[in-house]
Structure formats: C-alpha cells, structure tokens
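Here are a few friendly notes to read alongside your model. Please keep the structure open as you go.

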Amino acid sequence: LNAGQIQQQLLDADTILLEYYLGTPKSYLFLVTRDRIERFVLLSRDELAKRVKDAYDALALSGFPGPRSQAIKRSTELSRLLIGPVADRLGQKRLLIVVSGVLQLVPFEILPDPIARASGVKPGLAWPVPLLLRHEILLEPSASALAGIRKVRESRPPASGLLAVLADAVYELDDQRFRFPAKKGVGEDPVLGYLKRLKASAQEAGDIVAGLPPASILKAVGFSASRDLVMSGRLRDYGTLHIATHADYSFQNPASSVLVLSRYD
C-alpha cells in the first residue's frame, strides 16, 4: 500500500500508525494519521540495537530488586528514544506500531509512558506508568500485511467461538499433576533446560474466561495445552487466541524461536 491507501484503509480518527525504519547513519520514526505524515530522526540502527539489547537483558532479570532498578532505567531511556519524539502527539489514541529487526524485541506495552515521566513520577522500584494504561497497542509486521490479513478475514465466515485459551502447560516429569511425580530435573527440555511451571497462568486463564458463555470458549489448561491442539485445526473456530507459556527467542536464528507447550499427555 502507498501512504494514502494506508491512511484511508487502516487508520480511523482514533488510530495512529507509528512505523520505525532502521538505518545508517540515521533511523526514522514515521507518525501517520488519517490527515498527516510526520518524520522524526532517531539514532542509527547499531546504536538503537545496543539500547534495545541492554533493556531486554535487564528486563529478563527484573524480578530481582537490583536488576529491577536497571530495567526501569534502561526501559525509561528506551521509551524516551522510541516514543519520546511523538509523546505529545499521541493523546490516548490506539497505536498501530510497525517495527522490524531488533525492535521486534521491544515490549512497547510496558515501556514507561514519557508523558507520565514528564509529570514527575518517581518510580523507585515500582514500575513507572506504562504505555498500555493510556493506549491500546497493536504490533504488526507491516501496514500492508495488516491490510492483507483484513482482506482475507473479510472473505471468511465469522468465527463461531469467542476465545481459545491455552495455559499452565506441563513441562517436567516432576510436575505435581502427575500421579507419581519424578525427581526434579528428569525430562527437562534438551534445549531450554528445566522449565518451571507457570502456575499463575492458570489463574489468569480463569480470570479471562470468567463471565463468557461456556459454549463460546475453549479453555485448555495443563496436559491439554498442547502442540497437538494447536496443530489440530480446532483453534480456527475462535476469534481470539490467548497462549500463556514459556517461550524462547534466538538472536542468532530467529526462525528457531519457540513457544513451549505441554510436553506430556
């Protein structure tokens, strides 16, 4: 799609497109609404990649007090670089964000909101106000791809079900849901090592489906949260998929990235 088609087909009065282009010696951020296009200069691809990797590594350890302060600091700086140039133009509108390369690692939803920071919020070890509290955020590979997805969807009958949820998968043989659990470590994943149960994801799944009509949902928790279910074709009947599981992203070979579902029946 050209710029005019993107504006007419994808953007309404409540949606802003933020598209990032990584380059050398400069990168760019394009802000697109239904009636205007603006360009902002960012750091080079290599400089942004270093900032993203630093924030990514800090976030991975942010459950601990020491690393958490670093995660807040680096995420705040990353937000300043990526969102700061347009923060005063966003209001509370929906953000359609298109990124490529290393920016695919950025969890935009939880980045500290530059507007909230400017208002004098002092986070300490509490996470600063994140972007998701003021914006619905949609991440897409490209605007044209999104248009293609919408076109295909329009040609299909509506999904008969509302929501399919997969959560709290069974990763190890020492899981208490086995009748006779094995010793810790037996059966651990050959690539990722020992995978801890994500018990809270079962509660999350319950909260998500609460109040929805049972006939319109599929809730697969534990052993049933499996690859077999995903590949069976049954999920095509649901308009929304929620998968809460371990994942692994490979910097060296992104095509080897994985979602880890139940490893035992």
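1. Ground rules. This is a predicted model, in which local features need pLDDT of at least 70 and side-chain atom pairs count only at pLDDT 80 or more, while totals for chains, interfaces and linings use all residues. Residues are numbered from 1 along each chain as its sequence is written, and side-chain values use heavy atoms, with hydrogens and water left out.

2. The largest pocket. Its volume is about 610 Å³. Of its 16 lining residues, Arg-153, Arg-156, Tyr-238, Gly-239 and Thr-240 are the closest to its centre. A pocket here is an open set of points on a 1 Å grid over the protein atoms alone, where a 1.4 Å probe fits and protein lies on both sides within 12 Å along at least five of seven lines; lining residues have an atom within 4 Å of a point. Points are joined across faces, edges and corners, and the volume is the space filled by probe spheres set on them.

3. What lines the largest pocket. Helix α5 (143–154) and strand β8 (238–244) each give at least two lining residues, and α5 has the largest share, with five. Helices (H or I, at least four residues) and strands (E, at least two) are DSSP runs, numbered from the N terminus. By class, the lining has eight nonpolar, three polar and five charged residues. Ala, Val, Leu, Ile, Met, Phe, Trp, Tyr, Cys and Pro count as nonpolar, Asp, Glu, Lys and Arg as charged, and the others, Gly among them, as polar.

4. The second largest pocket. This one has a volume of about 290 Å³. It is lined by 13 residues, with Ser-226, Arg-227, Asp-228, Leu-261 and Ser-262 nearest its centre. The largest share, four residues, comes from α7. The lining splits into seven nonpolar, two polar and four charged residues.

5. Helices α1 and α5. Helix α1 (residues 3–10) packs on α5 at an angle of about 45°, with the axes 11 Å apart. Axes are lines fitted to C-alpha atoms, for helices over the stretch in contact, and angles run from 0 to 180 degrees between N-to-C directions. The two helices are therefore oblique to each other, a label for angles that are not under 35 degrees (roughly parallel), over 145 (roughly antiparallel) or 65 to 115 (roughly perpendicular). The contact (heavy atoms within 4.5 Å) involves Ile-6, Gln-9 and Leu-10 of α1 and Ala-143, Leu-146, Ala-147 and Arg-150 of α5.

6. Helices α2 and α3. The axes of α2 (residues 45–60) and α3 (residues 65–82) come within 8 Å and cross at roughly 145°. Their contact includes Leu-48 and Val-52 of α2 and Leu-78 and Leu-81 of α3. By class, the contact has ten nonpolar, two polar and four charged residues.

7. Two backbone details to look at. Most residues other than glycine have a negative phi, and most peptide bonds are trans. A cis peptide bond joins Thr-24 and Pro-25, with omega about 5°; Pro-25 sits in the loop between β1 (15–21) and β2 (27–32). Asp-168 has a positive phi, near 50°, and belongs to the loop between β6 (161–167) and α6 (200–209).
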